[in-house]
Amino acid sequence: MTQHPIQTRRVAFDHPKGSLRRHYVDGDLVMSHLVALLSATFPPGEDFFVRSVRHYRDRITDPDLAAQVRGFIGQEVVHGREHDHLNTTLRAMGYPTHRISAVVKRDLRLADRFLPPIVRLGFTAGLEHYTATAAECLLTDPRAQKLLGDTSVRSILLWHALEESEHKAVAFDVFRHVGGTERTRVRTMRVISAGFLFLMVTGTFISLLGDPATYRPGRLRRSLVALRHSPFLKRDVIRRLRAYNEPGFHPDDFDSTDLLERWREELFGAEGTLTANLK
């Protein structure tokens, strides 16, 4: 079980009008829409994660895990708020973040209504593995960081990535603590993987349809070719995602202790690049 304390950082990010160019991810068409899509899913997604874990809060008897849950909830609440602010900026730039958020919110409310709590918690644990894997790719691969340039999007994603890695095992540990089985864990991951892939492909496609740059000769093709070589799709990332389905898996099998220490200092140390964003 993860033992390091999970700190809720009260941060705030500004996205002044005109500070982001239209295709803000290194000028790339598809990646800009894909990141906007992911950002749009975060506010309703984080709310769902919090509800799924909070449902079992009264059954957590381990004081260390209870403290982890408090930190997890605090971090997720701030994530949702800050991505909601970013999504407002992206919407003004032409990205359909409000529509995507509304669809995801509706679907997750249906899950709340019709699925057993342990299944919803299994979904949360699986999706947390996705976010932590992507987060640690961003924090370890300079190519991934370079894509984001020097913008407010880079700042918010580095902060979010740090905290996703910090609390990557919490929902998983709660799932096991309250009796979630290996069979349910793997089955929920397979279901959520299919749904997540469908959302990413269809959502990005629909978003691209509203962008005039999509119809410029060669622009979409070049962007799709570049996507094939994205650091987020490299073999090691795929291997880590698939590891979740292996018997006995635990998120801390991928040790991130040194990585977290480095980025805590780089972002929020005495001379951290985001220290000024702390309230």
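Q: Which backbone oxygen does the side chain of lysine 168 reach?
A: This is a predicted model, where local features need pLDDT of at least 70, side-chain atom pairs count only at pLDDT 80 or more, and totals for chains, interfaces and linings use all residues. Residues are numbered from 1 along each chain as its sequence is written, and side-chain values use heavy atoms, without hydrogens and water. The backbone oxygen, reached at 2.6 Å, belongs to phenylalanine 254.

Q: Is lysine 168 buried or exposed?
A: Lysine 168 lies in the loop between helix 6 (152–166) and helix 7 (170–177); helices are DSSP runs of H or I, at least four residues. Buried means under 20% relative accessible area, exposed over 50%, with a 1.4 Å probe and protein chains only. The relative accessible area of lysine 168 is 6%, so this residue is buried.

Q: How many residues of helix 4 are buried?
A: Helix 4 covers residues 117–140. This helix is mostly covered. Of its 24 residues, the buried ones number 20.

Q: At what angle do the axes of helix 4 and helix 11 cross?
A: Helix 11 holds residues 257–268. Axes are lines fitted to C-alpha atoms over the stretch in contact, with angles from 0 to 180 degrees between N-to-C directions. The two axes come within 11 Å and cross at roughly 65°.

Technical notes
Helix = DSSP H or I, 4+ residues; strand = E, 2+ residues; numbered from the N terminus. Polar contact = N/O pair within 3.5 Å; in protein donor to acceptor, adjacent residues only side chain to side chain.
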